[in-house]
Amino acid sequence: MTEGAPARDLGPLAERFRGVVGAEHVITHEQQLATYESDGLLQYAVTPGMVVLPANAAETAGVVRACHDTGTPWVARGAGSGLSGGALPVEDGVLIALTRMRSIREIDLDNGRVLVEPGVTNIAVSQAVGPTHFYPPDPSSQIVCTIGGNVAENSGGAHCFKYGFTTNYVTGLELVLADGSQVTLGGPELDHPGLDLIGAFVGSEGTLGIATGIWLRVVPKPESVRTLVAFFGSTVQAGEVVSEIVSGGIVPGAIEMMDNLSIRAAEGSTNAGYPTDAGAALVVELDGSEAECAARFEQVVEICEGAGADSVRVAKDDAERELIWRARKAAFAAMGRIAPNYYVQDSVIPRTRLAEVLGRIEELAGEHELQVANVFHAGDGNLHPLVCYDGGRPGEAERAEELAGQIVQVCVDAGGSITGEHGVGVDKKRYMPSMFDEPDLSAFQRLRCAFDPEQRANPGKVMPTPRLCGEVPGPYRRHPLEQAGVAERF
Amino acid sequence: MRTAERPATREAFAEALAAAAEAGTPVRFTGAGTKAGWAGPPPEDAIELSTLGLARVVEHNAGDLTAVLEAGVSLRDAQAEFAEAGQMLAIDPPGDSATIGGLVASGDSGPLRSRYGGVRDLVVGMRVALSDGSVARSGGKVIKNVAGYDLAKLFAGSFGSLGAILEVAVRLHPLPPMTATTVGSSSDPDELGRGAIAAGRAQLEHHGLDVRWSGGRGAVLVRFAGTRPVPQAEAARAVLADAGLDAEVAEDDREIWDAQRADQRGPLTIKVSGLPTRVPAALRAVDAAGGSLVGRAALGLWWIAIEEPAPETVDSLRSALAPSPCVVLDRPAGGDTEAWSPLDPGAVELMRRVKRGFDPAGICNAGAFGSLL
């Protein structure tokens with residue numbers, strides 16, 4: 001609780017919630033509340049005042065309206081698998097868990113559309129439209145993460161270089177706004193008239209409202225999938241191969257890189273057959289039509305061999321393909337073999353700056369006497385540097401955090417972003433000013449205030465410092481330094 | 001409309017906008033003027049602010065397949081520069097004299113949309129001027145980025161109603177080495193509808209999937225690109241023939257697609273947000289109105305052009321096509337046709353709040369959304 005602020009009495013609100021969703025779906029018991037104190041980023045924990053689990057849009061609207069009427073802040077949560085603390089509860093606030101809303105309301109393969117509730121898992125969408133179709137965004141948590149969470153975070157995944165992100169697949173949203181009102185944006189059709197509020201809502205990290213119904217595009221599965229893993233002496237060498245593939249006009253379904261430290265960790269836990277002395281592993285997957293895929297795959301093999309790959313392993317069947325992916329997918333979890341704790345970063349850089357940025361990360365790691373493992377989506381330059389540390393050693397966690405912050409800055413300076421897919425949440429909001437200036441943040445705030453003037457939806461996330469939805473500011477005036485040409489705003 | 005101002009820097013642009021706001025003068029942002037008739041007319045006392053003074057290709061990062069363009073750059077100039085590196089901005093509306101700013105503000109598109117998405121999907125960052133004189137940036141110049149709200153998507157297709165688009169960062173794609181197209185013809189709307197759905201559901205990685213209809217006859221067009229387009233086009237021929245269409249493969253397909261793009265314009269053009277299963281009904285409605293249709297078969301986006309519209313044409317098409325929303329684009333001068341299909345009142349209220357939030361002075365492209373906002 002904030003010092004000085006009186007504890008909010010949630011008793012009457014709990015009573016009102018029981019009337020909306022039924023007593024069994026309102027959690028007030030301390031021990032049960034503890035289940036919800038963190039999302040996938042365990043460094044942050046806050047026990048919510050109450051957890052409520054609505055069954056449908058009408059109940060969700062009833063819950064949000066009750067929060068609105070009583071001035072209570074709230075946080076929506078799906079599976080809680082996010083990695084930025086985006087679903088971190090607010091003390092004395094309400095956590096609205098959407099996991100009971102799990103129905104797929106419509107499947108229309110002739111039109112390539114589905115209508116789902118927010119608690120449906122990502123994988124369930126692909127399963128529901130298989131075996132002919134699939135839903136392309138595939139975050140590595142896809143077995144548990146929910147579509148509602150994907151919409152909030154604009155989730156991507158290993159295949160987003162070719163197929164795009166959640167925002168490229170959402171055509172309609174049924175929303176509950178912060179005042180409890182219900183609004184429909186778009187529908188199964190694309191390009192509804194008016195402003196593209198869907199584009200603004202996707203990726204807004206739960207700060208603009210709750211999506212209770214989501215129209216998604218689904219697409220036919222590719223005819224052919226081919227996968228290889230090539231091993232190189234260094235990440236720089238592998239990075240050059242990535243550039244050569246992409247500039248050769250090939251758009252791989254996925255192209256993923258691991259450095260030596262991540263190879264060793266992953267191999268130790270999966271036995272996928274990755275040589276532990278390799279400097280870098282590059283997984284390349286092509287998909288599409290049989291004829292095109294075969295021709296392009298040959299080109300990729302040639303590029304890898306021409307660039308001096310130590311070895312190239314081509315998957316001959318689904319089992320071999322699965323084995324190649326197993327090591328990549330296990331990389332995060334396997335880090336326990338390197339160090340007791342790690343700090344995941346999600347920075348993005350222009351792909352052409354890879355060698356330079358990796359070199360700088362290595363230098364910084366040396367200066368901080370810490371190890372950094374690199375696992376990344378190489379096609380789109382989304383690095384996941386894993387800063388390894390031992391929280392049991394005094395000062396090491398702080399050193400790791402400092403190193404992580406410096407790595408973020410290196411990526412931003414190279415023309416990149418502080419987050420490619422995990423979101424800002426609470427974890428990265430302190431980095432926002434390294435990427436955005438005051439007028440940019442103020443523009444973000446205009447959107448936030450248009451949707452939620454009292455800022456009760458997921459407060460304390462995304463924006464680096466709290467700010468009010470105040471009076472309309474007067475006309476912007478240039479700073480005297482700007483006017484004199486001494487300083488530029490950008 | 002009063003004299004045009006053509007600021008040469010984004011600071012000057014923002015200052016001109018702020019000065020107009022202070023004076024309470026409505027502003028109409030203009031580029032090449034290729035779609036001046038699309039949005040609702042400006043108030044009589046509006047002044048024109050042109051982006052043509054901002055016409056630099058700021059960055060073309062060929063190795064990263066990204067570019068940063070000022071709003072006044074013409075699509076033609078940008079594409080010429082990208083083509084030198086074997087790349088393209090995968091947006092191909094009819095004509096290429098439009099500016100990037102106008103293209104993004106109007107959300108216009110062409111056949112490439114089926115494969116690469118629309119303007120909203122290819123813009124990765126944006127810099128805008130708001131009516132308080134501030135210049136704000138969102139997104140970035142990398143293709144993957146979720147930091148902050150995605151204001152670039154909000155401004156794409158906003159018809160300048162929130163502020164002026166000064167600069168955009170875009171994702172580029174490699175130019176395809178070869179293309180081939182399967183054309184499946186029929187004079188039966190149901191058969192064409194079945195063909196469109198079959199092509200959309202098949203495991204074909206198409207580069208374009210279109211439908212066209214005019215004078216009681218039409219076709220489904222499936223284009224392939226890459227190093228082996230012909231075998232894929234042959235596979236598509238089998239799919240379309242199975243659906244009952246008269247299908248053949250064209251290796252020299254440029255004219256076919258140029259026609260698709262050109263036919264998105266007419267004396268009266270209506271853009272329809274439909275669905276593939278509604279194709280047959282749409283084709284019949286088009287016949288009844290004496291028009292023609294082109295569009296993206298699998299996306300359900302169609303452009304209906306009418307050569308000689310009657311006063312009631314728009315209304316009768318709108319009711320025949322319901323519940324698909326329609327937007328009138330090109331229209332004959334002097335008509336008072338309502339451009340926009342009505343929306344969920346809650347959505348309209350929310351859009352008005354967003355408009356007020358970004359443009360409290362209410363001067364940016366006032367009237368552009370007609371009675372909608």
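Residues are numbered from 1 along each chain as its sequence is written, while chains are lettered from A and ligands numbered from 1 in the order in which they are written. Because the model is predicted, local features need pLDDT of at least 70 and side-chain atom pairs count only at pLDDT 80 or more, whereas totals for chains, interfaces and linings use all residues.

**Chain B as a whole**

Chain B holds 12 helices and 18 strands, where helices (H or I, at least four residues) and strands (E, at least two) are DSSP runs numbered from the N terminus. The radius of gyration of chain B is 21 Å, close to the 21 Å that the globule rule gives for 373 residues, so chain B is as compact as a globular protein of that length; the radius is taken over C-alpha atoms, and the rule is 2.2 Å times the number of residues to the power 0.38. Along the principal axes, the C-alpha atoms of chain B fill a box of roughly 65 × 50 × 35 Å. Of its 373 residues, 63% count as buried, a residue being buried if 20 or more other C-beta atoms, placed from the backbone, lie within 10 Å of its own, exposed if 12 or fewer, and partly exposed in between. Among contacts in chain B between residues at least 6 apart in sequence, 70% join residues at least 24 apart, with two residues in contact if their C-beta atoms, placed from the backbone, lie within 7 Å.

**The interface between the chains**

In the contact between the chains, 78 residues of chain B meet 80 residues of chain A. Several elements of chain B each supply at least two residues to its side, among them helix H1 (10–23), strand S8 (135–139) and helix H8 (229–242), and H12(B) gives the most, with eight residues. By class, this side of chain B has 38 nonpolar, 25 polar and 15 charged residues, where Ala, Val, Leu, Ile, Met, Phe, Trp, Tyr, Cys and Pro count as nonpolar, Asp, Glu, Lys and Arg as charged, and the others, Gly among them, as polar.

**Domains and their contacts**

Domain bounds come from an automatic or database domain assignment. That assignment divides chain B into domain 1 (2–174), domain 2 (178–260) and domain 3 (261–328), and chain A into domain 1 (11–97), domain 2 (104–220), domain 3 (222–332) and domain 4 (339–422). The table sets out one domain pair from each chain.

| Domain pair | Distance between C-alpha centres | Residues in the contact |
|---|---|---|
| Domains 2 and 3 of chain B | 20 Å | 21 residues from domain 2, 18 residues from domain 3 |
| Domains 3 and 4 of chain A | 22 Å | 17 residues from domain 3, 14 residues from domain 4 |

On the side of domain 2 of chain B that touches domain 3 of chain B, the largest share, eight residues, comes from H7(B), and the classes there are 11 nonpolar, six polar and four charged residues. On the side of domain 3 of chain A that touches domain 4 of chain A, the elements giving two or more residues are helix H8 (235–247), strand S13 (254–259) and helix H9 (260–270) of chain A. Of these, H8(A) gives the most, with six residues, and this side has 11 nonpolar, four polar and two charged residues.

**The largest nonpolar core**

A nonpolar core is a set of buried Ala, Val, Leu, Ile, Met, Phe, Trp, Tyr and Cys residues joined through C-beta atoms within 7 Å. The largest one has 271 residues, of which A:Ala281, A:Leu282, A:Val387, B:Ala199 and B:Val220 touch the most other members. Helix H13 (residues 396–413) of chain A gives the most to this core, with seven residues. Leaving aside residues up to four places away in sequence, A:Ala281 touches A:Val229, A:Phe231, A:Met257, A:Met258, A:Ile263 and A:Tyr274.

**Strand pairing in chain A**

Two strands pair if DSSP finds at least two bridges between them. Strand S3 (residues 74–77) of chain A is covered on both faces, with A:Trp74 and A:Ala76 buried on one side and A:Val75 and A:Arg77 buried on the other. In a regular strand the side chains alternate between the two faces of the sheet. S3(A) runs parallel to strand S4 (residues 94–97) of chain A and is joined to it by four bridges, and A:Arg77 has A:Ala97 as its bridge partner in S4(A).

Strand S5 (residues 104–108) of chain A runs antiparallel to strand S6 (residues 113–116) of chain A, with four bridges between them, and A:Asp108 stands opposite A:Arg113 in S6(A). The hairpin of S5(A) and S6(A) has four residues between the strands, and in it A:Gly112 takes a positive phi near 65 degrees. S6(A) is also joined by four bridges to strand S10 (residues 210–217) of chain A, again antiparallel, where A:Val114 stands opposite A:Leu216 in S10(A).
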